[in-house]
Structure formats: structure tokens, C-alpha cells
Amino acid sequence: MQARKKYVLLGLCACCWLVLFYWGGGVQLRLLRLLTRHRGDVMRPWPNWTDRAFLPRYAHLDELQTDPGMAESPRQRRQAWSAIYKDSRCRMETCFDFSRCRRRGREGFRVYIYPSEKNDRVSESYRKILTSIAESRYYTSDPREACLFVLGIDTLDRDQLSGQFVPNVDERIRGYPLWNDGRNHLIFNLYSGTWPNYTEDLGFNIGQAILAKASLNTEHFRPGFDVSIPLFSKDHPQKGGERGWLVRNTVPPRRKYLLMFKGKRYLTGIGSDTRNALHHIHNGKDIVSLTTCRHGKDWEKHKDARCDHDNLEYERFDYQELLHNSTFCLVPRGRRLGSFRFLESLQAACIPVLLSNGWELPFSDVIQWNQAVIEGDERLLLQVPSTVRAVGNERVLALRQRTQMLWEAYFSSVDKIVLTTLEIIKDRVFSHISRNKYMWNYLPGGLLVLPEYSTHLAHFPFYYLGLGVTPGQEFTAVIHAVSPLVSQSQPIMKLLQVVSKSKYCSQIIILWNSEKPPPSRSKWPPMPVPLTVTDGRRKTTSRFLPHVAIETEAVLSLDEDTVLLTSEVNFAFLVWRSFPERIVGYPPRSHFWDPLKRAWGYTSKWTNDYSIVLTGAAFYHRYYHYLFTHYLPQSLRTLVDRTSNCEDILMNFLVSAVTHQPPIKVAQRKQYKELPSPQGTKSVPWANPEHFNQRQECVNTFANWFGYMPLVHSQFRLDPVLFKDQVSVLRKKYKDLERA
């Protein structure tokens, strides 16, 4: 009985719904059709969201300028992408020929640039990219040796409305015999697509080529294959670049303004939604968010009611002053996902707050961006102020420091951007000998960590402190010999005795660079440590070759005529063990800027200030031998060998570029000055005025290659405890250092 009542009740409910639909919805629809028939038989659509009568009272017409007809559905975007990039599923394993690169081991990673054709237009930015590759250690002019190919055609700007757009690229590249559907090719691009949608259309089929592109969308990024690069301007420096703006760590680390943005506002089209809403977070006090619609040729024709007020407010603040004095910098998307604001914020140590949904950040394969930026959501703009206010002082300091490390390691010049791209690809090709994330994300950065030397962190001196590693307790002495052995009283004989008596000396290597053949082992004095004589092939740079015989971490580099005491050697070695990433030694020199000549100068005057410690008597880590040989260009090493000069200056440039710190001078009993030899004795190199002039030229040549001056001045000197104190010499550990 109960069941029957239940079914009857359900049936009555169903009937009621049908009646309501028929007499409610059905009749209303028929009445609506009758009404519209009297208005021209055209049914009125749903209200346009720009119709003021249907807008909520809290929204303004000016903020809703985006034309809904311009929007694309995700399916349309995917279809457009698949039509442009038919090999969207490419990976290194499927679209790259490894055999071209592995013929000579890691030495087989060579890059070939197609020659430019006559009348080819090449932008300044693309010329810088090609120059960086051509001057790198990976360049080859022989396509048969190449592992990677780069087009000579400028592909940076693929906006068809741009004056730098190069037409008919598809036809031209298909005519290249080595194109092979793009396999093993690298294509650089900064701007893709055009008005109004700015899709990622390059205007030609890249096939199986690797794409190094700015403003890459995560939907289209091929992980482990493509490389996302930053958007940079045509004025971005070729080499070196400016240093970051964080010169000291202030506590607390916050600046005058909490959050800032100053840039264009787009009234319509893609990217306008985010920038049109930025004024909502502006308070004119600790948050400054300024936009202007005064850009483009016809901005006055399209300006809205807010434009005049925004333009006036925009002029009140100076952009550089805001950058220098803001803790966080908003980096909203522009027409494309990337923005120049990103690199500007990194350099200024203004923590980037990203508002660019779907942007694959530059070098995302290797850089841990969560340690340097705050990633926001375009749809949650109003939450940004409270988000950045909640970031603690310790976190702010850590983020700012990381922006400086990333800027100087990878983004301060076109050279670094291009070399980082090549190194990422090289690590993919030789994945068994590659850098790990720690190497990429901690000083000195991945470009200065060569995995061919080692893939273990504990083998690099600049990681010792962070890992809690203590350097070894022995060193290898490498003596550079250029004079023939004619007498047992020569300085090198005494030097061998002094060094071999050190309790820390493991072995001695004599690098024989004399024109005469080396003497037999019987001619050398007996010593308590192994002695090896190696042919230096009369090359000055051979003293910094990564000799297999060097098994200790510490290397003591010595000239044949160096005068030292065993206690001096011991003390310098103990100092080096506390600073294993730096050069530690005795003879100091310095550099200076000459405003009249507008060039760098070199001086050997003895002052409290120095920036170079000569390697004629200095300790350093053996990794710098490997870096000197495999990182520096052949042109610099050739210059050193041709002049038989400046190798010590070049090593100081290299080590200071790695550490961003000066060498360390230690106390010494004897003083070494570049003075002429007494009359009648054999002339020493520094007695020749040409020797000094060459060193002046070397300083400028090296600074030009690095793109900046890496040498750092210092007045820091380390002496033994009680050194020159008025106490008994017997109480001192290094007694001989004070005895004449």
C-alpha cells in the first residue's frame, strides 16, 4: 500500500513539471517570438557585456574593452598549434640524431652557422646571437663536424607587421641540403604571431628543429627538447653586461616601495585584461601601479575615460627610481607572455611577481625559479598585495640574492643567454656527463662548472663551504723552468730543496720549457718527495694545463727563480685551505682605470691595495687548470704563448670571474719587485720595457673578452699569529719569516 502511494506521488510530480514547462517556458518563448516578429523578425540576442544597462554597478565600461570575438577556445589554439608545428611531440630521443655529436665524445659538440645570403637583412639582436656562437668554443666552420646547426636567416621577429620580418623562410630552408626536416637544427625566436591574437605562429614549419623561444606557452613547450629563453631588447649587451644592483644586504631588506609597476596599458586585444585591471591595486603609497595608454600611432582615437587621469599619474614617478627602491616588481604579460620587465627586475634585485598564466619561464629545465620569483595568477590580481606583504624578511633577502645570482650567471648579456642555451642542449646530448640542478642554481652558475672535469660537487672548490668539505692536506708543486740547467747553484736547485722539505708537499713537477732538452734525473738533487719532469712544449700556457700527474687538490705554482722559505710555503698553504676557491700567494699587483687614455692600466707599485697575486708563487685549486684550458678561448691562450707573457694575469681574471672576489696576499720575508737586473747578469723578462707594455695591453684584451673587469681590489692581508709583535721569536710558530 505504501509503495503504491509512493508511485502515485511521483507520477503527480512529473505531470506538474510538464504542465509548468508548457504553460510557463513554452508560452513565454512563443510570446517572445511574437514580440520580436513585430521588430523586424530578428530575435534579440543575450545582452552584450559592454551594454551599460546589464553591467554590475561595481564594474566600469572602460575595464571591459576586450573584444569577445577575438578570443580563441583551447581547442582552436591546439588545432592552430598542430597545424604550425607538426612535430609537437618531438623529444631528443625521437627527433635528434645523437650520432652526429658522439663521434669525438663531448668534443664532438660543434655548432655550425649557415652562411648568410646576399641582401639578407639581419637584426642587431640576431647578429649578436650569431657572434656569440661564432666566438664560442663550440663553433665550427665545417658542417661535417657539426652536431648542431643554426640558420643564417634572421628568425627572431616573425610578426608579419614588423619591418624585420623575413619572408619566404619555408621555401629557403627546404632548399638546404642539411635541413633534413629540421633535425639537429636550433631556431631562435623572440616574437611570434601578429595582431590580434599573437599566436605562436612562426610563419614556417620548424619540423624537428629545437626551438629556443621567448614567451613560450607551457601548452606548446616540448619538455626536454625546446629551450625557453628570455625576451631581451636590441640594446642588451653582447658580453659581460652590467652587474646587479644589490651591492649590500640591508637589514631589514625591504625598500621604500613594497610593489611597483610602470608600463603600457592595452585597451583592446590579447593582454588587455590584466593590464586594464592593474589600477585597482595602486594606492600611491607603498604600492605604485601605473599604466599609460599613450603608445602607438592612434592611441587618442581609442582612448577611454581613464586614459587622461592615468597618463597624468604615470608622469609623476620615474621608472628607474621605482626600480631602485621597490622590494617587489609586477611583471604582467604584454601582448605576448614574456616582457622586458622580467630581466629589468632581476638586475634591479626587485623580486619579480609574475602575472602571465601559462608562461614557460626561461631555462626552466635547469633553473629553480621558485627561489627567485613569486608566481601570481592573472585572475587573482587583487590577492597580490596581501601575498607579497606576507613574505617574511628572511625570504625577501633570499629571493633578492637569488635574482642577482641568476642575472649575473645567465642573463646579463647575449653571450650568456646563448651559451646557456647551448650548454642545456649539450647536457641533454651527453646526459651521462651533465650538470645537476645544484650546479645550475648556486654560485658560480652552470656556465663555469664543466662536468667533463667532474660531476661530483665535492670536487669543485667553490662548493666546499656549503657542503662542509675540508680540502686535502697535501699539495703538488709545479715549477715553470725556462733556463737550461748549467750549475748546481742555480735558484731552481735551492727552490727544490725548500719546497720538498714542506711536510705538506706530496710531489714536485718541473714543467720544462727550455730550448735545451731536460737533464737526466741524476742531475737533480735527491729529495724526500717524487720529482717528475714534464715537457712543456715551450708554451707559456702549458703551466696551466690539467696535467694528469697532479693528484692533489692544491697546486703550488712557482717560477724557477722564486725565493721562499719552507715556513712561508707552509703558512700560505694553511691559508689556502681556509680559502680554497681563491688564489693565495705572495707577489701582489694591481690594475686601475686611466681616464685620460680611457683604458685599463697595470701597475707593480707596492701599495696596500692590490687585485692580482702573481702565479710565480701562489696556491690555487687544480680545477682552475681545467677551466683555463677548456673554458677560455683559444685566441687568449694563443696571445699568451706568442708573447710569453700575461698568463698569470689571465689566471687572475678567470678566478675572480668565478668567485667575484679578490685573491689573498699572505705575509712574506722577501719582497719581489720587477726591477732591472744588475749589470752583467742575465736579463730578466720584466727588465724589458716591452714586457710591461705587453701586460698593459693584456689587461685590456682580457677585459674586452670578459665584457667587464672581473678583477676586485683588496687591502686584505693575512699574517701569522704574533707576526712582527714585540715578543720572543721563540714563541712564534713561523720564526724564520721575521729573520732577515
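Which residues does Phe188 touch, not counting residues up to four places away in sequence? In this predicted model, where local features need pLDDT of at least 70, side-chain atom pairs count only at pLDDT 80 or more, and totals for chains, interfaces and linings use all residues, Phe188 touches (heavy atoms within 4.5 Å) Tyr126, Ile129, Ile133, Val150, Thr155, Leu156, Ala212, Ile229 and Thr421. Residues are numbered from 1 along each chain as its sequence is written, and side-chain values use heavy atoms, with hydrogens and water left out.

Phe188 is also one of the residues that touch the most other members of the largest nonpolar core, alongside Phe109, Phe363, Trp369, Tyr410 and Phe411. A nonpolar core is a set of buried Ala, Val, Leu, Ile, Met, Phe, Trp, Tyr and Cys residues joined through side-chain atoms within 4.5 Å; buried means under 20% relative accessible area and exposed over 50%, with a 1.4 Å probe and protein chains only. At least three residues come from each of domain 1 (87-239 + 413-452) and domain 2 (257-409), whose bounds come from an automatic or database domain assignment.

| Core | Size | Some members |
|---|---|---|
| Largest | 77 residues | Phe109, Trp369 |
| Another, apart from it | 48 residues | Leu448, Val640 |

Val640 is also among the buried residues of helix α19 (residues 634-643), with Leu636, Arg637 and Leu639. Seen down the axis of α19, these fall within an arc of 155° (directions from the helix axis to the C-beta atoms), so they line one face of the helix. They pack against α18 (623-630), α20 (647-659) and α21 (689-706). Ser635 and Arg642 are exposed on the face turned away from the buried side of α19.

Notes
Helix = DSSP H or I, 4+ residues; strand = E, 2+ residues; numbered from the N terminus.
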